[in-house]
Amino acid sequence: RLRQGGVLVARHIPMNLLTRRWTFNFRNHRKILVVDGAIGFMGGANIGEEYLGRGDVGTWLDLHLELAGPSVVHLQRIFAEDWAFASGQPLQGDHYFRPLESPGDIVMQIVPSGPDDESQVMHEAFFAAIAGAVERVRLMTPYFVPTEPLRTALETAARRGVEVEIIVPGTNTKPFVRLASHSYYGELLDAGVKIFEFTPGFLHAKALTIDGRWSLIGTPNFDNRSLRLNFEVAAAIYDADITTQADILFETTRSRSEQISPKSWRKRGLSIKVMENFARLFSPIL
């Protein structure tokens, strides 16, 4: 129907059993909208009924950014590269890329990552951010299956006195991922990390704030698939005012969440622990 209406549509690595393109990895998980080369949107929200709160999981909480200024050019360049890869058609000319606008007063970077990079940009960005935190780390993510380096970074930060708080969904759209996520709680709680589960619905926001000074907001979940296997994009925003807004959202979400008690967490049944540990075996591909 989109094509019939004149919309150009391309698929990123479509599934085809008759060719070598059969892999389930290397998904394009980016969410990018650029209007007239001047206004950009990015963040956690896809296009679907559930993102309007019309799904069966209750309240759908997400986080999206509206951008203007030179950062939009970088965002559109990422889209143009993806479009050229998926369609074989380059986007060129002033019709798409307008002259650069004067910059505002917010310093930020558009950070793309993907399996085509020699370095694991997003994984390294999260690790460096947590390892460099001095006062507090606040993380919101719908899917929490940390790599071993990131788990160690979170625990080490908490043990050296950094306030580390994590909010995840209380109800997950992927139950197996939820089991794997729970398998990490005990170690993190023992290290002093505070974990909250958002109960009114599904938390789909993806944000990391560091020391109230800067934030990383975009599409990556806190799992191996997003940080190493998917094509993702995030905005690193070096601005205390924007970070304060993200922290206020975090605090509002935390007030609607239930904190996991280390004491009660240790009382889980043996069968639950076995299922969680089994799910953890699949962490590298979740």
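Predicted model: local features only at pLDDT ≥ 70, side-chain atom pairs only at ≥ 80, totals over all residues.
Colleague: By class, how many nonpolar, polar and charged residues does the lining of the second largest pocket have?
Modeller: Residues are numbered from 1 along each chain as its sequence is written, and side-chain values use heavy atoms, with hydrogens and water left out. Ala, Val, Leu, Ile, Met, Phe, Trp, Tyr, Cys and Pro go down as nonpolar, Asp, Glu, Lys and Arg as charged, and the others, Gly among them, as polar. Sorted that way, the lining holds two charged residues, six polar ones and 15 nonpolar ones.

Colleague: What volume does the second largest pocket have?
Modeller: A pocket here is an open set of points on a 1 Å grid over the protein atoms alone, where a 1.4 Å probe fits, with protein on both sides within 12 Å along at least five of seven lines; lining residues have an atom within 4 Å of a point. Filling the space with probe spheres set on those points gives the volume, and for this pocket the result is about 440 Å³.

Colleague: Is Asp36 buried or exposed?
Modeller: Asp36 sits in the loop between β1 (32–35) and β2 (39–43). Its phi is near 55°, a positive value in a residue other than glycine. Buried means under 20% relative accessible area, exposed over 50%, and partly exposed in between (1.4 Å probe, protein chains only). Because its relative accessibility is 59%, Asp36 counts as exposed.

Colleague: And Asp211, is that buried or exposed?
Modeller: Asp211 isn't a glycine, yet it has a positive phi of about 60°. You'll find Asp211 in the loop between β11 (207–210) and β12 (214–218). Its relative accessibility is 7%, so Asp211 counts as buried.

Colleague: What distance separates the C-alpha atoms of Gly55 and Phe202?
Modeller: Gly55 is in the loop between β2 and β3 (59–61), and at 37% relative accessibility it counts as partly exposed. Gly55 and Phe202 are 147 residues apart along the chain, but their C-alpha atoms are separated by 9.9 Å.

Notes: Helix = DSSP H or I, 4+ residues; strand = E, 2+ residues; numbered from the N terminus.
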